[in-house]
Amino acid sequence: MTEHDQSATDNGTEENNIENTKEKYIRKIRSFVKREGRMTKRQQTAIDDLWPTMGVDYQEQQIDFTELFGNANPVVLEIGFGMGKSLIEMAKNAPEKNFLGIEVHGPGVGACLADAGEAGVTNLRVMNHDAVEVLEFMIPDQSLSTFQLYFPDPWHKARHHKRRIVQPAFIENMRPKLAIGGVIHMATDWENYAEHMLEVLQAATDFKNISSEGDYAPRPDWRPLTKFESRGHRLGHGVWDLLFERIS
C-alpha cells in the first residue's frame, strides 16, 4: 500500500467515524415525552407479580402470537393505552380475540396489569416500550386483525405537528402488519388532528374508508366510552373516529 493509499484509507476511516458519531447524537423525533411520575405500591406489585405472565419484553425478534397467547385467535394491537381501563374492558368483552397493548408510561402499565389481574383477564399482554420500534422489529407481517390508536397526543402547536405519531411513514410501516381485511381504528378529540389523520389515511395505499360518509365513522360498540370522553361530550367537545380497512 502506498503512502497515498494509506492516507486515503485513514481519511475514509476518519469520515466514517465522524458520520457514526453524528448518527449517535442526531435526536430521533418521538411522538411522546416520557414522564414517568411516581409508581404506586399497587402498580409496582402488579408489575412484579404479573409481568412474567402478562408482560412482553422488548427484543429485536418477532413475536410468535400463537405461542404468546396459547391460541391462534385474531390479534388486536393498541398503542398508548394510558391506564388501560378501556383496553381491559375490550379484552373482557371479546374473549375470542387476543389483545396486545403498548404504553411508554410505566405507572400506566402497572395500573393496567393490576386491574387486569383483578378482573381475571387472560387474553391481554402488555409492553412498556416505544411502539415504533416494536412495530419495526417485533410484529410479524399480516399478523394483526385490528390496530387501535385512541386519543394520541395531538401536539396541537403547529411547530410540534411533526411529532404526531400519525404520519405517512408510520401508516406505511403499519400497513404490512395488518392482515388483508384488517382494520385501522383511530379516535381523537382534536378536530385539527382528526383532519390530519383523515388526510394521511386517505392518501395511504391499499386502504379504504369504512365510513359510509367517506370521512368519519360513529363510535363502534367495541370502543368503550371513557370518562374523559364523556366529560368532553358534556362540555360540547367533539370526538372523531376513523375506520380504514386494508384491502390489498
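How many of the residues in strand β5 are buried? Let's start there. This is a predicted model, so keep that in mind. Strand β5 covers residues 178-188. It is mostly covered, with 8 of its 11 residues buried.

Now the whole chain. The protein has 248 residues, and 43% of them count as buried. It holds 9 helices and 7 strands. Take the contacts between residues at least 6 apart in sequence: 78% of these join residues at least 24 apart.

Next, the sheet. It is an open sheet of 7 strands with mixed pairing. Read across, the order is β3-β2-β1-β4-β5-β7-β6. Which strands stand at the edges? They are β3, residues 124-127, and β6, residues 207-209. Each has a single partner strand, so one side of each is left without a neighbour in the sheet. On average, neighbouring strands here are turned by 20° against each other, direction ignored.

Back to β5 and its two neighbours. On one side is β4, residues 144-150. β4 and β5 pair in the parallel sense, over 6 bridges.

Strand β2, residues 98-102, is joined to β3 by 4 bridges, and the two run parallel.

On to the helices. Helix α4, residues 85-93, lies across part of this sheet. Which strands does α4 lie across? They are β1, residues 75-79, plus β2, β3 and β4. Against β2, α4 runs at about 170°.

α4 also packs on helix α5, residues 106-119. The angle is about 30°, and the axes are 9 Å apart. That angle makes α4 roughly parallel to α5. The crossing is right-handed.

By type, the contact divides into 4 nonpolar residues, 3 charged and no polar.

To recap: a mixed sheet of 7 strands, a mostly covered β5, and α4 roughly parallel to α5.

Definitions and conventions. Residues are numbered from 1 along each chain as its sequence is written. This is a predicted model: local features need pLDDT of at least 70, side-chain atom pairs count only at pLDDT 80 or more; totals for chains, interfaces and linings use all residues. Side-chain values use heavy atoms; hydrogens and water are left out. Buried means under 20% relative accessible area, exposed over 50%, partly exposed in between (1.4 Å probe, protein chains only). Two strands pair if DSSP finds at least two bridges between them. Axes are lines fitted to C-alpha atoms, for helices over the stretch in contact, and angles run from 0 to 180 degrees between N-to-C directions. Angles under 35 degrees count as roughly parallel, over 145 as roughly antiparallel, 65 to 115 as roughly perpendicular and the rest as oblique. A crossing is left-handed if the near helix is turned anticlockwise from the far one by less than a right angle, and right-handed if clockwise. Ala, Val, Leu, Ile, Met, Phe, Trp, Tyr, Cys and Pro count as nonpolar, Asp, Glu, Lys and Arg as charged, and the others, Gly among them, as polar. Contact means heavy atoms within 4.5 Å.
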